[in-house]
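Please open the structure in your viewer and keep the selection tool at hand.

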Amino acid sequence: MPERTETPTAPPRASDRPADYLEKRTLRRGSAGPLLLTGLGVAYVVSGDFSGWNFGLAHGGFGGLAVAAALMGLMYTCMVFALAELAAILPTAGGGYGFARRALGPWGGFLTGTAILIEYVLAPAAISLFIGDYVESLGLFGLTSSWPVYLACFVLFIGIHLWGVGEALRFSFVVTGVAVAALLIFAAGALTDFDAARLHDIPADASALGSSSWLPFGLLGIWASFPFGMWFFLGVEGVPLAAEETKDPVRSLPRAMAAAMGILLVLALLTFLASTGAGGADALKDAGNPLVAAVQPDGRPTVLGRIVNYAGLAGLVASFFSLIYAGSRQLFALSRAGYLPRSLSLTSRRKAPWLGLVVPGAIGFALAAASGDGARMLNVAVFGATISYALMSLSHIVLRRREPGLARPYRTPGGVATSALALLLACAALVATFLVDVTAALVALGVYAVAAVYFACWSRHRLVAGAPEEEFAALAAAEAELNRDPRS
């Protein structure tokens with residue numbers, strides 16, 4: 001494979017020398033170990049077990065969503081193994097942007113980082129709306145789902161992040177533990193009322209190719225269910241963003257990512273089977289709170305239903321809280337390297353990227369208060385996520401092919417075959433988003449276009465050579481140049 005010509009990164013200005021520039025942009029080291037990182041990986045995702053996935057029943061039925069969830073679980077597992085290798089090579093806050101920067105150049109890094117930002121800015125905005133719905137349905141403090149609730153979410157939880165990363169991750173771990181325990185209690189209770197006949201009670205569409213009681217919307221229903229199968233795992237790829245705040249990241253990150261993925265696979269299986277078997281696919285396909293609907297089929301309150309209701313709120317808080325963390329770290333890394341305005345990467349005395357927390361939070365609150373359409377915002381987030389998955393998987397393949405001798409403390413089982421499968425499934429999921437919500441896909445593409453114009457006309461000429469991800473890429477370019485020089 002021919003060597004790629006690397007565009008030199010612009011040298012930092014006098015005021016941007018590493019001693020001055022990077023000193024103002026450092027995170028608190030050693031705040032997280034494998035246990036907190038595992039909790040972080042589960043926290044990103046756990047709200048998806050309580051709601052959202054069930055809308056896939058309306059597109060594929062139980063059989064279609066089951067196949068879609070299995071394929072998406074395979075995609076995430078393959079991608080997590082690939083990212084674990086990349087995170088051990090480059091343990092920085094840039095995460096996917098840093099990996100793609102070395103493999104695919106500045107444009108690849110920017111496009112990957114932008115896709116990740118779309119996911120991590122839109123998803124918390126959507127979840128704040130869902131939190132408002134839960135607060136209203138539970139009758140907490142007499143509040144309704146409205147902008148004061150959304151504002152309180154952003155102010156309170158961003159405030160905890162500003163307090164310090166160690167405190168933030170411990171808070172997230174506790175709330176996530178409550179949500180996971182409740183899911184296990186729910187599964188145990190729902191399985192006592194399990195009836196296999198309820199799994200395929202959606203009437204089949206005779207006009208759909210390959211339709212049956214298990215695939216009521218035919219074979220195309222499987223593909224259309226991909227975005228909803230992702231809800232059981234969406235966000236787990238954000239664990240590497242905590243690299244600069246991790247104890248021994250080279251060892252901790254791969255272990256935590258594998259453990260988090262294992263927990264999520266078990267939770268997805270239990271939640272999907274128990275809820276659909278207890279409540280019925282037809283009854284759950286349009287339910288805003290499917291787990292409660294599964295254990296309260298006639299609408300009468302039950303003790304288990306009440307537990308699940310409060311646990312659902314805990315799950316939403318855990319995901320909201322952790323996604324704010326992930327978005328701030330991706331924004332911090334892109335800003336520190338000059339891809340976005342550099343002021344966004346300044347850190348406080350407690351080593352928190354305060355503007356990287358406040359600015360996305362303000363945008364998220366504005367979107368939540370103005371639109372009120374959580375489902376649409378989540379679909380935009382899913383579109384951004386699938387683009388980043390494809391680019392990160394491709395980065396693993398490129399680095400394996402181009403730099404086989406690169407030190408790899410952890411190696412992906414199956415090598416490029418694993419990341420190639422993740423790439424193929426990510427591309428299929430990307431196309432599937434158009435089957436579900438064309439408007440959301442076009443909105444995401446519009447954001448992408450604006451960001452690309454900004455990068456092409458401004459920031460690509462002002463990158464900071466001293467940023468860790470840029471130094472990593474510059475080293476690759478220097479090594480390639482030496483290899484091309486016959487006198488070396």
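**Cysteines**

Begin with Cys78 and display its sulfur: the closest cysteine sulfur, in Cys427, is 14 Å away, which is too far for a bond. The model is a predicted one. A disulfide requires two cysteine sulfur atoms within 2.5 Å, and by this rule the count is zero disulfides. With a relative accessible area of 8%, Cys78 is buried. Select Cys457 next; this residue counts as exposed, at 57% relative accessibility.

**Helix H14**

Now select residues 354-371, which form helix H14. Its 18 residues reach 26 Å from the first C-alpha to the last, close to the 26 Å expected at 1.5 Å a residue. Colour the buried residues of H14: Leu355, Gly356, Leu357, Pro360, Gly361, Gly364 and Ala368. Then move to Gly372, which follows H14 and has a positive phi, near 70°.

**Arg408**

Finally, centre the view on Arg408, in the loop between H15 and helix H16 (416-436). Is this residue buried or exposed? Arg408 is buried, its relative accessible area being 10%. Show its side chain: a polar atom there lies 3.0 Å from the backbone oxygen of Leu399, and the side chain also reaches the backbone oxygen of Pro404 at 3.4 Å. Leaving aside neighbours within four places in sequence, select the residues in contact with Arg408, namely Glu85, Ile89, Leu399, Arg400 and Glu403.

Conventions: Residues numbered from 1 in each chain as written. Predicted model: local features only at pLDDT ≥ 70, side-chain atom pairs only at ≥ 80, totals over all residues. Heavy atoms only, no water. Helix = DSSP H or I, 4+ residues; strand = E, 2+ residues; numbered from the N terminus. Expected span 1.5 Å × (residues − 1). Buried < 20%, exposed > 50% of the residue type's maximum accessible area, 1.4 Å probe, protein only. Polar contact = N/O pair within 3.5 Å; in protein donor to acceptor, adjacent residues only side chain to side chain. Contact = heavy atoms within 4.5 Å.
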